[in-house]
Amino acid sequence: MEYNPFAAEYSKLMADVYRLKAEQKNWLNQLSWYEAFDTQSAFATINRLRREIQEMRDRGPIFQKRIEEFSRKIMVVEASQKPWYDIAYRFSATKKSHDLILTTLRVQRTALIEDAARVDSSLKTKEAEHAKASADAERHQAFDQLQHKAAVQASTPRIQGLEHQLAKLKPKKDKVDTRIGDLVTTMQDRRNTKQELEYNISLASRYSASLTNASDRTEKWHIHQECQQTLGDSKPDRVLNRLQRQLHSVNHDIEKLDARIRADAALAARDIQQLLIDGNNMCYHGRTFIGLAAVVEAVDDLACTCSIVVVFDSGIRGLLKMSDADIQAHFPDFVEVHVVATEQKADETLLTLAKEKSIFVISNDRFADFPDQPAVRENRLIRHSVTRERVLINELQVDRPYFTHSTRPHRQTS
């Protein structure tokens, strides 16, 4: 089962690129053949082969005529021989002369037949060469060079376009594969275990049925022995109970794994171009205010994946006893920090900024007062956990330690 939602599209793009490149290579090979084709040499070869073929065809009747002549001579000599029971003839000089003449004639006829066969074989070869040379000449004459060049030129941007799509899709696919890779391996192990259990259950069932149908104690003893050797226990029903419990457990594991892999694949497949962090929300461990330590660590972990905007309530100034510039100084320059106006809350600002589908909000608030906002309606809200020592954003695989009262500015303010 394929869990990666990008896998099918990626495979199709790869197949399309391979097909187009193969077609382009074929067109280029045909163009190379056309440009390398020597018309003058080709027609000279065709004419030479035509002459040689005609000569060989002319030789055919000559061979046949001479073979027939030798056959007639052999028949004449054979007719002049006397019956085998003529004792005087059998030991006469005439018989020896006839045998010598026949042997000579037959050898000569065989040589002619072999020569004719060689000429016929050579004729077939020359005819095949002539047919190919003629076909190549006709193909060259009918070849549309401009059409082939146009096909090559048209395929290049198509291939580049598909490769560009592949280049954009591959990081997304790899991201999902990385996220679910270990789980998929575990799933395959569980499925292999299930398959083995089901096979052994079928064996145990057959042993159990055989015991029921056994005719005597000896046959039952042999069945128990075979069950022991095959399944490690001589009692098929006991094996069945044990294996069925194991199968139930494995099926439960597979069901849970399947749900987790699907959930993780869906999370990893999200197109997150920007993260809006509810800054105040991440400045507390329970009810204890811990300052910027956790949010700074989270930003450090996330900044390489997408753009980051940290939004604070106006009250953060008093809690930290810092100006907006001082707060910004604790974050890298490429992270935007926004402190909302006095007496305003960050919630509405966060949700207003999160209109686009590729923008997600990190906050533990459920924003029940804003059900109409796209980020809430489309569930583009990501929860986090701040423990005594770590900041966790499980959906984004963030797990960082933080240390209160040790956060240092990334840059000095003027």
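**View 1. The parallel sheet around β1 and β6.** β1 and β6 pair in the parallel sense over four bridges, where two strands are taken to pair if DSSP finds at least two bridges between them, and where helices (H or I, at least four residues) and strands (E, at least two) are DSSP runs numbered from the N terminus. The structure shown is a predicted model, in which local features need pLDDT of at least 70 and side-chain atom pairs count only at pLDDT 80 or more, while totals for chains, interfaces and linings use all residues. Residues are numbered from 1 along each chain as its sequence is written, and side-chain values use heavy atoms, with hydrogens and water left out.

View 2. Five strands form an open sheet in the order β5-β4-β1-β6-β7, with parallel pairing. β5 (336–339) and β7 (381–382) stand at the edges, each with a single partner strand, so one side of each is left without a neighbour in the sheet. At the β5 end, β4 and β5 pair in the parallel sense over four bridges, and valine 309 stands opposite glutamate 336 in β5.

**View 3. Helix α8 and the elements that cover it.** Helix α8 spans residues 293–302 and is mostly covered, with seven of its 10 residues buried. The buried residues are Ala293, Ala294, Val295, Val296, Ala298, Val299 and Leu302. Their cover includes β1 (274–278), β4 (307–312), β6 (359–362), β8 (385–386), β9 (390–393) and β10 (398–401), with contact meaning heavy atoms within 4.5 Å. α8 lies across β1, β4 and β6 and runs at about 165° to β4; axes are lines fitted to C-alpha atoms, for helices over the stretch in contact, and angles run from 0 to 180 degrees between N-to-C directions. α8 also lies across β8, β9 and β10, running at about 130° to β10.

**View 4. The antiparallel sheet of β8, β9 and β10.** Three strands form an open sheet in the order β8-β9-β10, and the pairing is antiparallel. β8 and β10 stand at the edges, each with a single partner strand, so one side of each is left without a neighbour in the sheet. β8 and β9 pair in the antiparallel sense over two bridges, and valine 386 has valine 391 of β9 as its bridge partner.

**View 5. Arginine 380 and the loops on either side of α12.** Arginine 380 lies in the loop between α12 (374–377) and β7, and at 3% relative accessibility this arginine counts as buried. A polar atom of the side chain of arginine 380 lies 3.0 Å from the backbone oxygen of alanine 354. Leaving aside neighbours within four places in sequence, arginine 380 is in contact with Ala354, Lys355, Glu356, Lys357, Ile359, Phe360, Val361, Pro374 and Ala375. Asparagine 379 lies in the loop between α12 and β7 and has a positive phi of about 55° although it is not a glycine; at 52% relative accessibility, asparagine 379 counts as exposed. Phenylalanine 367, in the loop between β6 and α12, has a phi near 55°, a positive value in a residue other than glycine, and at 5% relative accessibility phenylalanine 367 counts as buried.

View 6. About 470 Å³ of space lies in the largest pocket. On a 1 Å grid over the protein atoms alone, a pocket is an open set of points where a 1.4 Å probe fits, with protein on both sides within 12 Å along at least five of seven lines, and lining residues have an atom within 4 Å of a point; grid points are joined across faces, edges and corners, and a volume is the space filled by probe spheres set on the points. Of the 23 lining residues, the closest to the centre of the pocket are Lys175, Ala268, Arg270, Ile272 and Thr305. α5 (145–213), α7 (236–269) and α8 each supply at least two residues of the lining, and the largest share, six residues, comes from α5.

How values were computed
Buried < 20%, exposed > 50% of the residue type's maximum accessible area, 1.4 Å probe, protein only. Polar contact = N/O pair within 3.5 Å; in protein donor to acceptor, adjacent residues only side chain to side chain.
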